[in-house]
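Me: Please take a close look at one part of this model, the contact between the chains. Start with the setting and then go into detail.

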Amino acid sequence: MDLAFSPEETAFRHEISAWIRDNLPAGWGTPEFKEPKTFEERLEFSRAWEKRLAEAGWAGISWPKDYGGRGTTLMDQIIFHEEMAAARAPQIFINFVGINLAGPTIMAHGSEQQKKRYLPKILDMSEVWCQGFSEPNAGSDLANVQTKAVLDGDNFIVNGQKIWTSFAHVADWCLLLCRTDSSVAKHKGLSYLLVDMHSAGIEPRPLKQITGEAEFDEVFFTDVRVPRAQLLGEMNMGWTYANTTLANERGPAFLAHQIRFRNSLNDLFDSAKRTMRDGVPVAEHPAFRDRLARAYAEVEIMRYIGYRLVTSILRNGRPGVEGSIAKLYWSEMVRRFQETSIAIAGLGGMLDDEDGFDGGKWNRGFSMSFAQTIAAGSSEIQKNIISERVLGMPRGEVWAPKPKEKV
Amino acid sequence: MDFDFSADQYGLRDEARRFLEKQCPVSHVREFLDDKAGWSRDLWKQMADLGWMALPFPEQYGGLGQSFLDLVLLLGELGRSLAPVPFLSSVAMAGQVILAHGSEEQRARLLPGIASGDRIAALAVSEQPQGFGGTSIDMHPTQDGDTWHLNGEKKYVLDAPAADLFVVAACVGDQNRWFVVEEGARVTPQTTYDPTRGAGSVSFDDAVADPLEAPFLFPGLQLATAAVCAEMIGAAEKILDMTVEYSKQREQFGRPIGSFQAIKHKCAEMATELEAARAAAYYACWAVASGAEDAALSSHIAKSYCSDQLAHLAGEGVQGHGGIAFTWEHDMHLYLKRIKTAQVFLGDGPYHRERIARIVGL
């Protein structure tokens, strides 16, 4: 057991922190900085920032050298994410799906031709990706995907609807999970298609979310023609491949999220020290103090859990069963943290945006916290996974409606 | 980056589990439930033969030259088996305090007996139900030339009935520090909520007390706190194992209750609490053993989390078993009581969270 970083790792940490310092967008982090407000402004801002990261070769830090990436060690990836978080640098936004989900899935299951065609354009940001997974009737039950792709000559004809698709209206490509065989068990008839989002018959509609912003779209597919060559890997192997994609949703970024939470927590401490109740800062009221200290402990424990995850990857080549446990711990922790933060805001939480407490950021954080326990496998799904795959408990009976009695 | 135990450390854990399953089944633990002053001298002797007490002490003090970290998984196994021996007190708490705070002469005089198991030391800190340290320590030694004397009473002293050597927290001026009392301590064994473990009050009437060289209670108290967490992990693991196992066997409504999500999700939450508690306890053990910058903070984080979350886990373990766990005959109550006692020992959740608040500048 040794939690120290090697001299090489420390040198890399200095390199990346210097680069971030020299390259952050002008004015970033100062009170004068005008944060992008609308989705379009955020898009423009993140395109410029992520382009800069890509040009310096940081975009592909987790990608193998063979595919144009840096091929760095897991530890260096972690250090990179940690330094980005510590500097409060803007988070990866527009290219997130391409770099973290689409790219690794194509690397794992795509043909040589597909790899050559798509991967460089993800790295240099000339093409943006979205991920077509969830549907109105395929949320927690993802294998219930109903969007159909029917082979007609050299084309698939795609019909159906996706939901919670980030960046769909600006994306060039979609990693689409769709049904290619309805005659078999539901998880055995799925395939992955690489779909040109500029094709006829695709209609993204922005979905206004709980915060009033529109980060996601609903996407309607009507008789969309997708060339057969756009099939990723083999037919009806989509469920297996989807698990590759999902495994990439969490990774070395776990520890970086922890640092961003600690930043947030420090901000909350500052607010708690200057917000008075009965003439005393709320930070000194025992009830609030206990909640704030609990939040601190829980955020620190997230770091320790991150170290255990990393160690498990370093020792065994992959995260162990701790992955689902870490996700559940973290999601539920975020919900409690945001409950505490909005409690500190008090009546200030009745107002929002520029009229709100701390510019309404705790209100936004509170609303957004529900994404943690719903997205990427809800807490209930994680508990099913933990109880069945980690603890070996039996699956429940499949519910079926009782047959109607004959009159 | 390597935040896990070594193959050797896991090897020792496996060996300890095999040994304790054989030599310390619950039937053996139950032999001591009604005896306030009772503990297993047989088991202690066998553990001494295996060299467990010598493990974390340097060779010049009769030890095997291993570190505090080598104790962590072993403490877990002792928690898992509810072993009725004063190992936590003597080796992992009082012994570590002497090692961390004692002068060369004090270590050479006191540690060999502890390392061989011939002497048993206990840690005496609290004096009142809500007194965990700090200003609640109201025992003030008196000085007579070079000799110090202690008067008064320490309460809630774990393993006091087994001990012949006490490491006592006392206050000199406005500073708490450790004193060793080798003779003249009067022990009154008391009935404990956790019947697998002994405790009592210890009173001193002008007892000669030897101040350990290094002042303050830290880092000794942090080592002791981390050790308590490490032991709690083992007991909590066993609770989860028992609850999951029972849910697979027990059938109601024609199916194992473990197939109901009400039970499955309860167990998944317990597993999550346990994993977070492990991460916190092991991190604290590493931090205090290696003198890391955040050693104090991490010990408060670990104990606050283990105290509250593992006590919750233990309650859920009883609930998951239903009526059978309400019987004396079933072992679950022994684990519940083990965890509930450890929850408050050396500070409960709110106590340690207040310490966190102070350290982080709230």
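**The contact between the chains**

Reply: Among contacts in chain A between residues at least 6 apart in sequence, 68% join residues at least 24 apart (two residues are in contact if their C-beta atoms, placed from the backbone, lie within 7 Å). The model is predicted, and local features need pLDDT of at least 70, side-chain atom pairs count only at pLDDT 80 or more, while totals for chains, interfaces and linings use all residues. Residues are numbered from 1 along each chain as its sequence is written, and chains are lettered from A and ligands numbered from 1 in the order in which they are written.

Chain A has eleven helices and ten strands (DSSP runs, numbered from the N terminus: helices are H or I with at least four residues, strands E with at least two). The C-alpha trace of chain A spans about 75 × 65 × 45 Å along its principal axes. Of its 407 residues, 39% count as buried (20 or more other C-beta atoms within 10 Å of the residue's own, these atoms being placed from the backbone).

Now the contact itself. Chain B gives 38 residues to it and chain A gives 39 residues. On the side of chain B that touches chain A, the elements giving two or more residues are helix H7 (220-249), strand S9 (255-256), helix H8 (261-289), helix H9 (295-321) and helix H11 (349-359) of chain B. H8(B) supplies the largest share of that side, 14 residues. By class, that side of chain B divides into 22 nonpolar, seven polar and nine charged residues (Ala, Val, Leu, Ile, Met, Phe, Trp, Tyr, Cys and Pro count as nonpolar, Asp, Glu, Lys and Arg as charged, and the others, Gly among them, as polar).

Not counting residues up to four places away in sequence, Cys285(B) touches Phe68(B), Leu69(B), Val72(B), Ala226(B) and Ala230(B).

Note on methods. Buried ≥ 20, exposed ≤ 12 C-beta atoms within 10 Å, placed from the backbone.
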